[in-house]
Each structure stands twice: as structure tokens, then as C-alpha cells.
Amino acid sequence: MKKEGHDAPARKYRYNCPSQRHGPIFMTDRTHKAVALISGGLDSMLAAKVILDQGIHVEGINFFTGFCVEGHTHAIRKRDQAKPKRNNALWVAERLGIKLHIIDIIEEYKDVVINPRHGYGANLNPCLDCKIFMVGKARQWMMENGFDFIITGEVIGQRPKSQRKDTMPVVARESGADDRLLRPLCARNLPPTLPEREGWVDRERLHGFSGRTRKPQMELAKRLGLEDYAQPAGGCCFLTDENYSRKLADLWRARGEKRYELDDIMLLKVGRHIRPRPHFKLIVAREEGEGRFLQGYKNRYPHLQTVSHGGPLTLVDGRPSPQDMELAARIVARYSQGRNAETVEVKTVYGGEEGLLAVTPLKPHEIPPEWML
Amino acid sequence: MDAVSRIVVDARGLLCPLPVIRLQDAVKNLPPDTEVELIGTDPGVMQDIPAWCRINGHRILESRSDGNQYHIKLKTGR
């Protein structure tokens, strides 16, 4: 049977570059194929471009964990709607002229977040385990699709947890990718990988970037004509965000176990989260866009809406008692246009039953800071 | 249009990139020239689905907004 991808034998021959600039280049009789982890940021775009420019067939892979910071998540909030609503990974793929495979890893990724073998970073970010997991998934994809090696945009010293000289071999080893994992932006600071040793790519045309500075990447982007790129201020993952991690830790504490569903982690991105009692919390829309987003969840959660005054849709997560619903209504009234009124009418929906409460809005000092997540 | 060769992907309530993933999965084993309609509520689909189609050689036939819903019709490529 004919072997394909990394199992296929490729004849190698030596090509002496006329310019003598790069020395001999070892060519093979078939195009090798690399799968590039594309986050949508600059580094992975550059890494893929560097390898594309060496005549390698590159396809992108992008993993959706549920924690990804997307332009669209920001776009839920009305004030952010001027921002472009593009998916950066798709945009990068289109810029590079490569295919992109977006893979849903929400379920499998839970174990990475809940039980990281290498621990968390500054917040609930399991960066090293995450990288190992994603490279491992890319390896699986590589094997299934007959590709030869994996590319990432990692740079030694760029990230304190996952991109250090001592963690680079850990990612390669524990993911199972071993020397089929090539980091084109810092390859020259690392031992040669299989694609370099076999002459599939020219090591001399790879880079030796290191450290936290972004300057070399920006200069390379300019040289390659890739000057328009996404610059996410807080990284590409919500788990690196302190506020988000605090809300996730609260969720686990309230449930008595480290467990989540996609709805939970999506809702942590939206609204004002208030926990007045350990067994329930409120998610109060901060503006119209969030209210519209929460509408999509209201059939699955108890919820409240002011009726005598304009006010935010509020979901309740937990098992509130009737007294709790009254407290919840007073909090919701506090965030309504009736906050200074004597009485605000609030519609409640719980277990399929509708109710109407007339409540006095809580005063600001009646909401202790520790309720606010 | 033959009902068998037209697929509807309901991505309402999903935020991007989930609509793209649902469409990608639905289209994966479809023959060329199959009409697919995606219905979504995330305005991002109006950018992402056409971008995904351009990358993968599918053709957009129609895209329109209907209140808070977005409808995109495409034909699978070869």
C-alpha cells in the first residue's frame, strides 16, 4: 500500500543555491506538509509564513476551548461594537492563503483546566498543560491527515509559564510530537528538529528570537509584508484574566467541585456577577448588548426583569428560595431606572412559574463589596 | 431545489467560532454543489462564514439579516 504523509519515503538531493547565501539546500522529491497552530496572533502567523516561504504545504489548525478571547465575545457589549467582528485565526489563514481547520475541544479541554499536571500560572491559566494538549491534538491531526510536522509560533522566553527554554522540550516530549515539532521563530536557539535534519526546511532561514520583546517579530512582519495583525491586549485566553479566573474559582467553590459546562464559562464573560448567598448568584446585564445575549439563556435559568421601570435582564444561577428571590429582586431594582423609587415591580420566572414582586431597591451601601465577583 | 441536497445548519444562540465549526462539520462529507443554509444570531457570522468559504473553496449564494437573525446560503465547492 502506498504510504502518505510522514510515513512516505522522500528522496533527498542536494541543491547548491547560486547566491551561496544559504549554502546547500537539501531538496526532496515531494512537497512536505506541515500543520500550523494558528491562534490569530502575530507569532503563529509569522511562523506559518516562514515555513510557507520554504515551499512547504501548510494548513492551519485552531482550537476552540470555550475560553478563547474573540472579537465577537467583546462584541456582545454594545460599547465595543465598533471593533471588527472578524475571527482572527480565519483572517490570518486567508491572509496566508492556507486552509484552516477549527476544532471544537471544549469537552476534552475540561481536564486540562481542572487537573493541570504542571499547575496554574498567575491565575487559572494552565498554560504549559494547554500547550502540551494542543500540540498533542495537532500531532493526532497530523497522523490522521498524512502531514509531516507541526509548527508553532512559540518563542523562548516570550511567556513566563509555557515558553521557556526548559519547558520547550517538555511540550515536545509530553505531547508526543518530539522532533516533529518545529518552532520557526526560535528554532536556531534549539537543537535541530527532524524537518531541519532531513532538509525538508532550511535551518539557516529560520530564526533565533528570544525574550519578551516583540521587536524582532514586528520587524519580520514588516519584511514579510504582514503589517496588519491582531494585537490582543490581554492574550487570547480568558483564563489569564484575573477577574475571569476569580469568577471561575467562585463557581467551583459554590458547587463544591471543579466542574463546568460551556454555558457556565460563556456566562462568566458577560454581565455583573453578584453572589449575595453561597447557594445562588445573579448575572445582571450591564447594557443592551449583554441583555440581548442573556435572553438566549433565560429559558434555562430562573430570571428577573423589572416591569414598572426600565431595567436589566438578570439570570439566577443556583437554587434560590422564595426569600432569596425577593432579595434578588431588590438587587435587580437597584440596577434599574427605579433605583431611587420607593417601590419597583419585578417579574420573576422560576421553575416555569411567573411571579410579580413589589420591592424596595437596595441602597448602594446595602450591597457589600464581597458580594461583587 | 431537491430537498435532499439542501442542508440547514442552525447556529442560533452560538457565538463565533461555534457557527463556523458547526458548518465545517456539516459540510465535511457533502458532495460538491450542495446548497447549505446557516442561520445564526451572532453578527460575526456575516464576516466569518464568507471568510471560511473563501478559504475552503465554497461559494456564498446569499447573505441577509432578518431582524436579529442572519441567514447565509452557500454552495459547496469541489
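Guide: In chain B, 36% of the 78 residues are buried. This is a predicted model, in which local features need pLDDT of at least 70 and side-chain atom pairs count only at pLDDT 80 or more, while totals for chains, interfaces and linings use all residues. Residues are numbered from 1 along each chain as its sequence is written, and chains are lettered from A and ligands numbered from 1 in the order in which they are written.

Visitor: What makes a residue buried?

Guide: A residue is called buried if 20 or more other C-beta atoms, placed from the backbone, lie within 10 Å of its own, and 36% of the residues in chain B are in that class.

Visitor: How do you know that chain B agrees with a compact globule?

Guide: The rule is 2.2 Å times the number of residues to the power 0.38, with the radius of gyration taken over C-alpha atoms. For 78 residues a compact globule would have a radius near 12 Å, and chain B has 11 Å, so the value agrees. The C-alpha trace of chain B spans about 30 × 25 × 20 Å along its principal axes.

Visitor: How many residues of chain B are in contact with chain A, and what makes a contact?

Guide: Two residues are in contact if their C-beta atoms, placed from the backbone, lie within 7 Å, and by this rule 17 residues of chain B are in contact with 18 residues of chain A. On that side of chain B, H2(B) gives the most, with 7 residues, a helix being a DSSP run (H or I) of at least four residues, numbered from the N terminus.

Terms used: Helix = DSSP H or I, 4+ residues; strand = E, 2+ residues; numbered from the N terminus. Buried ≥ 20, exposed ≤ 12 C-beta atoms within 10 Å, placed from the backbone.
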